[in-house]
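Welcome, and thanks for taking a look at this one with us. Please have the viewer open as you read the briefing below.

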Amino acid sequence: MTIAPVEYRQRLSPAFAWRWWAGAAATHAAAGLRRRAGLAATALLLPVLIVAVWWVAARYELVAPQILPAPPLVWATALDLIGSGQLQSELAVSLLRLAAGLAVGGTLGLLVGLVMGLSRTAEAYLSPTVRAVWLVPSLGWLPFFMLLFGIGEALKVVLIAKACFLPLMINSFDGVRNVSPKHREVARMLELGPFDTLRFVIWPSVLPHVLTGFRLSLSKGWQVLILVEMIASAAGIGYLMTWGRKSFQLDIVIVTMVLIGAVGWLLDRAALAVQTRATAWASRSAAP
Amino acid sequence: MSASLVGASLAQSGRWRGLVLPGALLLVWVAVAAGGGPKSAVFVSPGAVLAAAREAIESGDLPGAAGATLLRAFLGWSIGSAAGFALGLLLGLSAWSRRAAAPTLHGARQIALFAWIPLLSAWLGNGEAMKIALIALSGFFPVLLHVEAGCRDVPQPYREVARLFAFDRFGEIAFVILPAAAPTIISGLELAFAIAWIGTIGAEYLIGTGYMNASPDGIGAFLAGARENARMDLVVVGILSLALIGFVLDRAVVLASRRAVAWRRQPQ
């Protein structure tokens, strides 16, 4: 159920057509700038309001300071954590775990997805088991893995790998299955060997799907990383947050929460940038 | 259907091949257990798991936990969905409110669900209110996003029909926009339920267990307790029941939503 995208509708609107036709590019740009500034101001309204309420509530101690630290305190804590390098080192630990889990789980997911996509026999044998295993959320596997692997580094990597496996598997599987039959025919006509078919025909059409899966894996992995660090860890950003909570330093909790949101957002943006850059040709080329 | 019929249909459809791997794994497990098994505290035999399952069901622990979890998931999902629906409607219908609130909401959405626990638990304590709040939060964002997108993307011709009928704003929303957005909204509710289910397990697992004291119940707490006592048999029982309930819930939600938007199922 796709609906005409906004840009398309805008392009059809008389006002837009007129402006385009008149070639009033300069006024258009100025209006765009003003519009953007207006948008930014509107977007900032709510955060500013929230911080103002927060500030007032903390200033007049409407809420106990233990459970609502004042904004300046949170700011000072953030600067302190960055200045001492603790925030960076905890973040580095977390990102390293994410990278390890993604490398293991993502690669396996990619391979299994490709194999199942290429061979219907493999799909028939593997797919029900894989589906059944993934019926249970990562969180459910956590106690099992904790008993099996202890609470060391292996636990984190295994759990993150488990979370990263599925999105990449499903997307690469879909990618292989959606290779246009015409492209396959071309490969047959050119008498490409199986390896060349894979390299020049299947892989290019699978790549966009793989990158979508990668992006999903990244965001899933980040969420699970925080979870496992909150439960069983002595380092990392999730640990820092739980530690702040246990010692009732909610300023640390708020700083880490913001950091978790910001890093999650940045990772997603970066993955999206890679995706658009690597598959820019896909949107340019004609539909199969 | 008799067993032989089931067998015949399985053989015919080739779906038996999906059972080979789980069957082989089960055989290996049984064989290893029969051979004495490795000398390890975490190895449990299939018999032990069956016995634990029977014990957990007969003592009422497991059904009680499942009931508590389902009730909690449903309650939290209802609250979160209602809030998400109201706010999504507002954002979807008013461009100004979307410009004002969407960036903040999208920012808040970036924070991993379970990262809310430390802050919320300081505010709401470790009791039921906290768990429900977390589950509601988990269901809130998917519904918000889907309702907003659904209402915003109603095709222009539909809106023109509303104008043609001289509907007032309420009539336009009730008879044109909401029906047109229904499939999107329902898939948002579906997604929210799947996420709320995970959120419930997480809330039960993380809140009210360990150092935080409250009355722990639900499957999450069941799993946490089983792990704390190093009872691998109970952990396996907990995981199996999670899989079973997850499967049944998924089917039920898909059936219910198919029925709810049956008119949209024409071929595209």
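This is a predicted model: local features need pLDDT of at least 70, side-chain atom pairs count only at pLDDT 80 or more; totals for chains, interfaces and linings use all residues.

**Helices and fold**

- Take the contacts in chain A with a separation of 6 or more: residues 24 or more positions apart account for 72% of them.
- In chain B, 72% of the contacts with a separation of 6 or more likewise come from residues 24 or more positions apart.

**Domains**

- Chain A is divided into domain 1, covering 29-61, and domain 2, covering 75-284.
- The centres of these two domains of chain A, taken over C-alpha atoms, are separated by 34 Å.
- Chain B is divided into domain 1 (1-34) and domain 2 (42-264).
- Between the centres of domain 1 and domain 2 of chain B, taken over C-alpha atoms, there are 34 Å.

**Two helices of chain B to look at**

- Helix α9 of chain B spans residues 169-206, which makes 38 residues.
- The end C-alpha atoms of α9 in chain B are only 45 Å apart, whereas a straight helix would reach 56 Å at 1.5 Å a residue.
- Helix α8 of chain B (residues 156-164) lies largely in the open, because the number buried among its nine residues is zero.
- After α8(B) comes B:Ala166, which has a positive phi, near 55°.

**Where the chains meet**

- On the interface, 47 residues of chain A are in contact with 43 residues of chain B.
- On the side of chain A that touches chain B, the elements giving two or more residues are α3 (25-59), α6 (120-133), α7 (138-149), α10 (194-231), α11 (237-246) and α12 (250-278).
- That side of chain A divides into 36 nonpolar residues, nine polar and two charged.

**The nonpolar core**

- The largest nonpolar core has 118 residues.
- Those with the most contacts inside this core are A:Leu159, A:Ile160 and A:Ile226, along with B:Phe114, B:Ala115 and B:Trp116.
- Leaving aside neighbours within four places in sequence, A:Ile160 touches residues including A:Arg97, A:Leu98, A:Gly101 and A:Leu102, and also A:Gly221, A:Val224 and A:Leu225.

**A buried arginine**

- A:Arg215 counts as buried because it has 21 C-beta neighbours inside 10 Å, and the cut-off for buried is 20 or more.
- Beyond its neighbours within four places in sequence, A:Arg215 is in contact with A:Asp268, A:Ala271, A:Leu272 and A:Gln275.
- A:Met146 is 69 residues from A:Arg215 along the chain, and their C-alpha atoms are separated by 27 Å.

How values were computed. Residues are numbered from 1 along each chain as its sequence is written. Chains are lettered from A and ligands numbered from 1 in the order in which they are written. Domain bounds come from an automatic or database domain assignment. Two residues are in contact if their C-beta atoms, placed from the backbone, lie within 7 Å. Helices (H or I, at least four residues) and strands (E, at least two) are DSSP runs, numbered from the N terminus. Ala, Val, Leu, Ile, Met, Phe, Trp, Tyr, Cys and Pro count as nonpolar, Asp, Glu, Lys and Arg as charged, and the others, Gly among them, as polar. The expected span of a helix is 1.5 Å times one less than its number of residues. A nonpolar core is a set of buried Ala, Val, Leu, Ile, Met, Phe, Trp, Tyr and Cys residues joined through C-beta atoms within 7 Å. A residue is buried if 20 or more other C-beta atoms lie within 10 Å of its own, exposed if 12 or fewer, and partly exposed in between; C-beta atoms are placed from the backbone.
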